[in-house]
2 protein chains.
Amino acid sequence: MISKQWRLKARPFGETTADTWDYTENEVPSIEKGKMLIKIEYVSLDPAMRGWLNDSKSYIEPVQIGDVMRAGTVGIVVESQHDKYKKGDYVCGHNGVQTYAISDGTGLYKIDPSLAPLSYYLGVLGMPGMTGYFGLLKTGEPKAGETVVVSGAAGAVGGLVGQIAKIKGCRVVGIAGGKEKCQFLVDELGFDAAIDYKNENVKKALRQTCPKGVDVYFDNVGGDILDDVLTHINKHARIIICGAISQYNNTTPVKGPSNYLSLLVNRARMEGIVVFDNVKEYPTAMKDIASWIKSGDMKVKDHIVEGIETFPDTLMMLFKGENFGKLVMKVGE
Amino acid sequence: MISKQWRLKARPFGETTADTWDYTENEVPSIEKGKMLIKIEYVSLDPAMRGWLNDSKSYIEPVQIGDVMRAGTVGIVVESQHDKYKKGDYVCGHNGVQTYAISDGTGLYKIDPSLAPLSYYLGVLGMPGMTGYFGLLKTGEPKAGETVVVSGAAGAVGGLVGQIAKIKGCRVVGIAGGKEKCQFLVDELGFDAAIDYKNENVKKALRQTCPKGVDVYFDNVGGDILDDVLTHINKHARIIICGAISQYNNTTPVKGPSNYLSLLVNRARMEGIVVFDNVKEYPTAMKDIASWIKSGDMKVKDHIVEGIETFPDTLMMLFKGENFGKLVMKVGE
């Protein structure tokens with residue numbers, strides 16, 4: 001049996017290119033005691049993956065040259081010598097951009113394919129879902145009646161954050177690129193307003209759509225949009241730094257928020273989050289999110305691209321703002 | 001009787017110059033019912049004053065063109081038609097850069113000249129003292145054994161912050177300009193180490209002086225030093241944004257912290273403070289600080305310049321880093 005993989009060939013400077021990756025095919029070895037073979041069905045594509053390619057101190061070890069690229073995956077156990085997993089179990093974990101993976105169970109957990117489509121376990125019920133849930137509720141502490149703004153609003157984390165804020169009784173404004181995405185946020189996800197950063201003056205649009213100012217800002221993008229929001233925050237506002245996709249491929253230094261002194265004027269705070277800190281509470285979050293999906297309060301949009309061979313291009317869709325909903329790659333044959 | 005004043009003539013672009021100010025002399029009018037005449041003894045010079053000259057939304061109204069420059073003052077009541085104040089009372093308040101002020105008591109409070117030198121009421125027992133006390137303890141939440149770094153460490157707020165952090169059992173590193181100030185921090189104020197930003201590589205010096213990383217950073221300066229500290233913070237670090245003196249006279253946009261994504265990697269927070277939010281708790285802080293001064297745990301260094309005519313130049317000392325301790329102007333004749 002052959003496994004297909006994408007491996008890190010060279011660390012990118014700026015955007016990833018064809019030179020970043022190596023495509024390999026390997027015969028799958030036989031499974032030893034304590035291990036299992038997983039056939040991967042879906043691979044998750046997340047903005048954070050860009051950071052894992054940099055050889056610098058971060059919240060997680062960088063991917064090493066020659067290694068299979070790290071990625072969240074959903075798969076099915078096809079062969080097992082592991083006590084806790086048997087053939088036919090569906091599992092979720094960081095099993096990399098490949099079609100088959102061998103695992104000793106580290107970081108793995110079982111999922112129930114009858115409860116939700118498999119891809120959901122990489123999105124609303126996976127890392128992006130947990131990121132949005134804990135980032136908004138624990139760090140953002142939104143109160144009913146407050147105004148919550150979220151950038152990257154049509155992405156995996158942003159769409160979920162906005163919908164949770166609505167459930168909590170907030171006024172919600174999303175920032176996304178393009179008319180179609182903005183319409184989707186308002187018409188389908190129930191946001192109160194959306195700002196099309198590609199075609200609108202964000203600062204002006206914030207004044208119009210947030211007449212009472214911004215109490216919570218969930219930032220996935222950084223750059224100019226972060227600065228624009230900083231000009232319009234309220235006293236004691238909370239800014240959640242979840243990511244800065246506008247800056248990840250920079251070949252020049254990151255653009256720091258010039259308007260950060262608005263934190264002083266407004267006694268506001270800016271706080272970073274890393275999803276893994278909440279591992280013990282994931283079950284609570286998953287239960288909540290599943291119940292909102294069931295009740296119809298939360299809608300889910302996945303963007304599925306087929307075929308492992310598409311990986312280098314599919315990953316770049318994130319940084320070009322081309323994904324519409326949670327981006328996943330279907331690799332199952 | 002003649003009162004001498006410095007008034008705002010024109011809003012500065014960048015540094016204040018001779019054109020920023022008007023010097024005026026006026027006959028003091030007679031005092032109406034409900035008012036009092038205060039002879040001002042000391043005028044406080046604080047970095048925040050630069051911000052009050054800008055015509056922009058902030059935590060306090062800008063000073064208007066033609067108005068006497070706003071400043072904290074200590075003075076003595078020399079004539080009173082006010083029920084609550086009598087001749088001979090010493091009072092503290094924002095009575096402006098002038099030798100005599102008429103007040104209806106708004107924002108005024110009595111002080112006891114037998115408890116501490118008058119100038120202390122503008123420093124450790126005044127606005128800078130309250131700023132450092134609440135900023136460090138309420139927003140910074142330092143715990144014994146943690147490492148606290150403070151910039152502008154030889155200034156009014158910084159010196160106090162470092163000494164309170166020592167009292168709370170922290171390792172304390174101060175950042176200041178010049179060998180003399182750094183020696184003072186270590187030898188006189190008991191800091192564990194000091195970094196001379198004018199003659200040292202701050203990033204490298206932080207690694208040497210904070211081998212366990214930085215848990216709390218009290219920032220008075222912004223700019224490159226904020227960025228340097230961000231590279232060396234610990235998980236869950238707290239960064240208190242008290243000021244950004246390096247940026248106040250900018251004629252270009254403020255330099256935002258390029259390394260702000262360190263907040264994400266370290267799940268750290270950056271929070272702004274404004275001293276006036278703690279007015280109700282000032283008495284507690286003043287009691288604590290007075291007791292530390294009495295016990296010798298806290299040392300006080302004032303930098304007193306004589307004569308109201310020096311105002312424009314004396315104010316600029318703050319931005320050139322020429323003050324050594326709390327800068328006040330003695331205007332009593």
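Let's start with one pair of residues: in chain A, the side chains of Asp192(A) and Lys166(A) meet in a salt bridge, 3.0 Å from N to O. By salt bridge I mean a side-chain nitrogen of Lys or Arg within 4 Å of a carboxyl oxygen of Asp or Glu. This pair links distant parts of the chain, 26 residues apart. Lys166(A) sits in helix H3, residues 156–167, while Asp192(A) is in the loop between helix H4 (179–187) and strand E10 (193–196). Helices (H or I, at least four residues) and strands (E, at least two) are DSSP runs, numbered from the N terminus. Over all chains, the count comes to 23 salt bridges.

A quick word on the model. It is a predicted one, where local features need pLDDT of at least 70 and side-chain atom pairs count only at pLDDT 80 or more, while totals for chains, interfaces and linings use all residues. Residues are numbered from 1 along each chain as its sequence is written, chains are lettered from A and ligands numbered from 1 in the order in which they are written, and side-chain values use heavy atoms, leaving out hydrogens and water.

Staying in chain A, look at some strands. Strand E4 (residues 73–80) runs antiparallel to strand E5 (residues 90–93), and four bridges join them. Two strands pair if DSSP finds at least two bridges between them. E5(A) is also joined to strand E7 (residues 109–111), again antiparallel, by three bridges. So where does Tyr90(A) come in? Tyr90(A) is the bridge partner of Ile76(A), and Tyr90(A) also stands opposite Ile111(A) in E7(A).

Now, how do the two chains meet? In chain B, 32 residues are in contact (heavy atoms within 4.5 Å) with 33 residues of chain A. The area buried between them is about 2,600 Å², and carbon and sulfur atoms give 63% of that. Buried area here is the accessible area (1.4 Å probe) that two parts lose on being put together, summed over both. On the chain B side, Tyr260(B), Leu264(B) and Arg267(B) lose the most area to chain A, together 26% of what that side buries.

Arg267(B) turns up again in a salt bridge with Asp277(A), at 2.7 Å from N to O. The count between the chains is two salt bridges. Which elements of chain B give two or more residues to this side? They are helix H6 (223–230), strand E12 (233–241), helix H7 (262–265) and strand E13 (269–272). E13(B) gives the largest share, four residues.

For instance, Glu271(A) has Arg269(B) as its bridge partner.
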